[in-house]
Amino acid sequence: MVVVLTDVDIRERLRAGLAVGWMREAVRDARAGRLSCPPRVAAGVGAGRLVFTAGALEGEWFGYRSYDSFGGVPGEQVVVVQDWGTGVVRGVALGNELGPRRVGAIGAVAVDALADPRASTLGLVGAGTQAFAQLWAVSAVRRLSGIRVFSRDPERRMSFARRVSEDLGLRITAVGSAREAVEGADLVVLATSSATKVIEPEWISDGAFVTTLGPKQVGRAEFGPELIDRAELAVTDSVAQTHAYDPPYILAGTPQHDRLVGLGEVLDEHPAGKTVVFCSAGLAGTEAYLLAKLVS
């Protein structure tokens, strides 16, 4: 029988610690070649597009996520996982919760592997779904004693702070500028929809860990190549995806792009005192990976 999960089911069943552990397994499986995770593909459909991310765990399952890009309000995403041997559909997830929580969990894997184990303060620029998912997941790997959040809309950042306090039980303060949010923070998360850079590299403390999640293509990006210059280590979850963007990735053709290494390559390094930038690109197959775990 096919298991169908809704957003309500995902919120109830998917615990942050489990999600982070499963995404750590996925990163290791991708590094070992067990998890196939090709870059996203898009199919033009009339005035819009359907985007697909596919993946397969050798000998166990294959699956995909699909979502639309029609210029209006995005529809529900669909994640499907099928049995490797029979092709029978084992699970379907409908809605928009699984994707962001998978991104948050991968971000937390990177934090756990590469950030200072004592990191406790977090500066957040952005107050949307992805920002919340990052806090949900990162709080499972670091004890956060203080969070500062900035977004351009004062009401939005205040509402976000209330939700984080009530739903996650974390101490959070809404502040009036991006600089105030990130300066002096051990951990920094950029989760905006901005087409232009939202922070300056000199605001980042030595030894801090930075995640960037928002727009990342030439002509539309929340960070610039100089942020990578600030880092002693630059990491992404999918080097292949950074080569597949259209328009091109913000770092395409630059020396900074050559510095990017895959998360799986450094998962066990635990660098001491290094300033790290994690460029989240989206490791394909990981939505299906989470769903397979949830329905097994």
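**Reading the sheet, the helices and the salt bridges**

Reply: Let's start in the sheet: β11 and β12 pair in the parallel sense, over 4 bridges. Strands count as paired if DSSP finds at least two bridges between them, and helices (H or I, at least four residues) and strands (E, at least two) are DSSP runs numbered from the N terminus. In that pair, L187 has F209 of β12 as its bridge partner.

Me: Before we go on, what sort of model is this?

Reply: It's a predicted model, where local features need pLDDT of at least 70 and side-chain atom pairs count only at pLDDT 80 or more, while totals for chains, interfaces and linings use all residues. Residues are numbered from 1 along each chain as its sequence is written, and side-chain values use heavy atoms, with hydrogens and water left out.

Me: How many strands form the open sheet, and in what order?

Reply: The general idea is that strands of a sheet pair through backbone hydrogen bonds, either parallel or antiparallel. Here 8 strands line up as β10-β9-β8-β11-β12-β17-β15-β16, and the pairing is parallel. β10 (172-174) and β16 (261-262) stand at the edges with a single partner strand each, so one side of each has no neighbour in the sheet.

Me: Which residues stand opposite each other across these strands?

Reply: Follow the pairs along the sheet. β8 and β9 run parallel and are joined by 5 bridges, with L124 opposite V149 in β9. β8 also pairs with β11 in the parallel sense over 4 bridges, and there V125 stands opposite L190 in β11. Over at β16, 2 bridges join that strand to β15 (residues 233-236), again in parallel, and V235 stands opposite V261.

Me: Which way do the residues of β11 point, and are they buried or exposed?

Reply: In a regular strand the side chains alternate between the two faces of the sheet. In β11, L187 and V189 point one way, V188 and L190 point the other way, and all are buried. Buried means under 20% relative accessible area, exposed means over 50%, and partly exposed is in between (1.4 Å probe, protein chains only). β8 is mostly covered too, with 4 of its 5 residues buried.

Me: Which helices should I look for around the sheet?

Reply: Contact here means heavy atoms within 4.5 Å. Axes are lines fitted to C-alpha atoms, for helices over the stretch in contact, and angles run from 0 to 180 degrees between N-to-C directions. Helix α5 (residues 154-168) lies across β8, β9 and β10, at about 170 degrees to β10.

Me: What about two helices packing on each other, α3 and α11?

Reply: Helix α3 (residues 98-114) and helix α11 (residues 286-295) pack at about 100 degrees, with their axes 9 Å apart. They are therefore roughly perpendicular to each other. For angles, under 35 degrees counts as roughly parallel, over 145 as roughly antiparallel, 65 to 115 as roughly perpendicular and the rest as oblique. The contact comes from L98, R102 and I106 of α3 together with T286, E287, L290, L291 and L294 of α11. In α11, 9 of the 10 residues are buried, so this helix is largely enclosed by the rest of the structure.

Me: And how many salt bridges are there?

Reply: Side chains of opposite charge can pair when their charged atoms come close. A salt bridge is a side-chain nitrogen of Lys or Arg within 4 Å of a carboxyl oxygen of Asp or Glu, and the whole structure has 16. One of them joins R24 and D112, with the closest N and O atoms 2.9 Å apart. R24 sits in helix α2 (residues 16-32) and D112 in helix α3, 88 residues apart.
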